[in-house]
Structures are given as C-alpha cells and as structure tokens.
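Here are a few exercises to work through with the model open beside you. Try each task before you read its solution.

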Amino acid sequence: MRAFVEEAAKSAERKMRMIASLPDAHVALTLLKFCAGFVSVVHLMRAVGAVFDFACIDQATQSCLATITGIETDASAWALASLPVRLGGLGLHSCADTAAIAHIAATFDGEACLPSLVTPYVLPHAMLLDEDDTFLASLEDPRLAPFESVLEKIQNVLQARDNYGGRGQKVWSATVHDERRKALLISMTEELGRSGRLQGSALALKQVQVRARIQSCSAQHASAWLYGNAEADPRLWLSPAELAVAIRLRLGLPIAPMPSICRLCGTGSADVDGVHARSCFSGGRRTRMHNALRDVIADFARRGLLAPAVERPVFSNTERKRPDISYVRDGTTVVLDVAVTFPLQPSNPQYAKRAAEKPGGAATAYATAVKEGKYRGIIDNEPNPREWLAVPLVVDTFGAWCPGALTELRQIARKSALREDRTASAACQDFFHQLSFQVAQGVARIVIASGGARPDEAVHPVAGGSVTASRVFLPGRTCSLAGQPRSQ
C-alpha cells in the first residue's frame, strides 16, 4: 500500500511540474487549484489517512505556486494561501492537515454502508473501528489535537453512529479552516509586534489593516476573479505580471524589494506594500478602472432591457450631477454611482477598522459617509422624491462590495437572466466575475504603473526572474502587461 501511495504522490508532483510550465500563468493557477495538488490525492487521503505523510504534496503545491506566480511564500503567507477562498485564501488546501479528517470521514461513510452490503449486520460499530489501525492513527493525529471542537464532533459521531449524511469531511474541514484562520490572524498580528519595526499607534493600525485585508478578501464575490469562469469572455484572464501583483496584495507580501518614487504623481513614495499606489489619484488609471466597472454594469442592465443611460443628466433641478448609470425599474428612477475605495488608506484609519469588523465594511463606510449624502438633497427637491432611488455601488480594492450594491447588482443580473434564457445564478456568477476581474486588473495595473511592483530575485528566488513595470520575466515565459503570454 505504501509503495502505491508513494507512486501516486510522485505522479501528482509530476502533474504539478507540467502545470507550472504552462505559458499562461492565470490558467496554470486555475489548473493547480482544480486539477492537481489536494484534489488529485483526496481519494488516497480518505483511504490511508495520517499513516502516510502527505506533506510532500503540500511542498510540491507551494513550489508550483512559486513557479507560476514568481512568489516565494513564507510560513504565514502559505498558511493563508492554504485557506479556502471564502476565508481570504487561495483555496490550495493542505493535504497533510486534511488527511486524518478525510480518512475518519471515509471510515464513517463506509460504516454507514455496511448494513446494506452485509446481511445480517451483527458486528458492533465500535468493534470495527477499534480494530482499524489506520483509523486509530488518524484519530490520534497530532495535527487534530488543537481542534477540540472537531474532536468533540467526531466523538459524538462515534457514540451516535451518525455520519452527517456523508458530509463529515466537509463539515469538519470547514471547522478546522475557521479555527486555523482565527489562529493565523492572531499569529500574524503578534508577529508584527515581535518584529519591532512598528510601535504604538502605527503598530495598532498595521494590525487592524492585516485583519481588514483578510476580511475584505473573504467578502462575497470579492474573489470571483481568482480562478476565472468557463462561461466568461476568454480575455478575462490576468497577465503574469498582473497575477503576480494581485496574489502578492492578497497574501500581504511585498511587491518590491525597496521603495521608489511614484511614477504616477512624481512626488509620493511607492512603498513596498503598494499602499501609496492604491491611494494615488494621478495618472488617470483609477478613472479607467471606474469606467470599466461602470461599462460592465451598464452592459448587463442593457441586456436586461433596463435601457440604462450612462452619465446623462436626469434630475429636473440640476444638470451638474450626472449619475454614472440611471434607468427606470418598476416606475422608480434608479441612479447608480460607482466608486472604488481603498480600505487601508493611512489618511482614514476608520475605513480599515470598519473593514476589519466585517467584509465590505470599508465600502459601506464610504457609501454612507460620501455617496449617500451626494444625492439626498437633490432627490428631496424633485417633484416626486419617492419615485427616485439612489444606490451607491461602492467596492474596495480587494473586491468587497457594500450590501446595498450587492442587492442592486443581483437585481440587474436577474433581469439579464430572464432575457437570455439562463439561470439567475449563472448570470450572477458571470456578472460578478467580470466586475471582480475589472477591480483586480485595475488595481494591479495601477500598482505596476506607479513603479512600485518590481519584485526581483531577492524577493522570490524560486521564480528565477523578475516582474518589471511593463513586462514580467518568468522561466520559459514572457508577457507584456496588456498582451497575451508568449513562449520564449
């Protein structure tokens, strides 16, 4: 058995090396997530559990990620990358941390099937498990020891002979991931304090910003760009340079070995964390990102036969205020104002605090403080104020939308689904993927254009190359910022 599992693990590693050699980095990352690593050996984990050390698969996955993106992840970044996308990670699940749970769940699932396979079923439930050395090894796996809530659930299953309807692995893994995320947040904030680089209020703000980043990345639809959409436009894939920057910003890794002068404004310092670049309004690139979002929303509204007007005067008492998009729905004139905010901006730490409290907190705070009052007085002066509805469509630079925006955008997607003969869920998936992609690409291009994104060999030695402001250099791969990858 061990020889078979070792050969299967080597086969999985070979597959990841092949994926890493693909010329399109974003497609390669998607294949790594859905076709290699964890998913390629989950059946083996359910069969052998913690008896075999699956850490070799995790190491191969980490190496493959480094080759694809040019990013060498440290312990904290890899721990975050191994979390599910819904928790702000990359969804590259750890095999070593999941093997025991997978085998325990598979054992319970098999026990539940025995009555229909063996007649009469006379062996006591506990007797079968007590004689299973592989099951006992998985149950005593030290990686499960910190998760008392999971062990308690497993003991309840042992006593009640309830296998969660075959969902044990999913339920227990979700609990473990939630606990790991909490522990990771604590360790990351404590590490900032131990480093000694920051003190006092600066340290407190940085700790809040770490939580805000992970919370925003875990917001609903914020990560739709990460692994593409099979039904979307094939052009909606990031170039290698854009992908490297987007992944670094998501994992909180530096985007450059040292600060430089911002090439957008010419005065600010393009720091290694990309804070200035995402706050800089010079160069017109933020406007391009705003317009790209506006055009996607208007396109879906048009497909839903809402007849949207883009930046047209619609108010009877003023022509100075022209909403980004306006249309009439069910007798109500809806005006939409699109905005992108940066939750970690140093000039307004309240946004980071709100974002750290809940996903989309910064977008909600910006919508309340800036956008809602912008149209309130104008609508109140209209002849029939109740026939007007102003909706701020605010998203932060990590992709988290304010709740009001999510509600309105879903209505637009449902309208388009009715006219295009497809399900509302498919329309929403397509819609939010396009919006999420525009945010991720727009932010990455701003950071690259500012001159801050120039990681070199000192930052990611595994890649053996560097990402410059206009081109990305990876082993066997080169790609311009806006172009498609080309083999060398």
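**Exercise 1. Aromatic pairs**

Count the aromatic pairs in this predicted model, then work out the geometry of the pair formed by Phe52 and Phe54.

*Solution.* Start with the total: the count comes to 7 aromatic pairs. Now take Phe52 and Phe54, whose ring centres lie 5.0 Å apart with 75 degrees between the planes. Planes over 60 degrees apart count as edge-to-face, and that is the label for Phe52 and Phe54. Next, check the burial of each partner. Buried means under 20% relative accessible area. Phe52 has 9%, so it is buried, and Phe54, with 2%, is buried too.

Now try Tyr351 and Tyr366: this pair is also edge-to-face, at 6.2 Å centre to centre and 75 degrees between the planes. It links distant parts of the chain, with Tyr351 in helix H15 (residues 349-357) and Tyr366 in helix H16 (residues 361-380), 15 residues apart. Tyr351 has a relative accessible area of 8%, so it counts as buried.

To finish, look for a cluster: Phe300, Phe431 and Phe432 form one.

**Exercise 2. The sheet around E5**

Work out the strand order of the open sheet of 4 strands, and say how E5 pairs with E4 and with E6.

*Solution.* First, the order: the sheet reads E3-E4-E5-E6, and its pairing is mixed. E3 (309-310) and E6 are the edge strands, each with a single partner strand, so one side of each has no neighbour in the sheet.

Second, take E4 (residues 325-329) against E5: they run antiparallel and are joined by 5 bridges. Along this pairing, Tyr327 has Val334 in E5 as its bridge partner, and Arg329 stands opposite Thr332. E4 and E5 make a hairpin with 2 residues between them, and Asp330 in the turn has a positive phi of about 55 degrees.

Third, go to the other pairing: E5 and E6 (residues 388-396) are parallel, with 9 bridges.

Last, ask how enclosed E5 is. Of its 10 residues, 9 are buried, so the strand is largely enclosed by the rest of the structure.

**Exercise 3. Placing Thr341**

Is Thr341 buried or exposed, and which residues is it in contact with, leaving aside its neighbours within four places in sequence?

*Solution.* Locate the residue first: Thr341 is found in strand E5 (residues 332-341). Its relative accessibility is 2%, and therefore it counts as buried. Its bridge partner in E6 is Asp396. Now list the contacts beyond four places in sequence: Tyr351, Ala362, Ala363, Tyr366, Val394, Val395, Asp396 and Thr397. Spot the link to Exercise 1: Tyr351 and Tyr366, which form an aromatic pair, are both among the contacts of Thr341.

**Exercise 4. The largest pocket**

What is the volume of the largest pocket, and which helix gives the most to its lining?

*Solution.* Begin with the volume, about 880 Å³. Of the 27 lining residues, Leu192, Arg197, Lys206, Gly252 and Asp273 are the closest to the centre. Then sort the lining by type: 15 residues are nonpolar, 4 polar and 8 charged. Finally, assign helices: H5 (75-81), H10 (168-195), H11 (200-217), H12 (240-251) and H13 (275-279) each supply at least two lining residues. H11 gives the most, with 6 residues.

Terms used: Residues numbered from 1 in each chain as written. Predicted model: local features only at pLDDT ≥ 70, side-chain atom pairs only at ≥ 80, totals over all residues. Heavy atoms only, no water. Buried < 20%, exposed > 50% of the residue type's maximum accessible area, 1.4 Å probe, protein only. Contact = heavy atoms within 4.5 Å. 1 Å grid on protein atoms, 1.4 Å probe; cavity = no way out; pocket = protein on both sides within 12 Å on 5 of 7 lines; lining within 4 Å. Points joined across faces, edges and corners; volume = space filled by probe spheres on them. Nonpolar A, V, L, I, M, F, W, Y, C, P; charged D, E, K, R; others polar. Pairing = 2+ DSSP bridges. Phe/Tyr/Trp six-rings, centres within 6.5 Å; stacked < 30°, edge-to-face > 60°.
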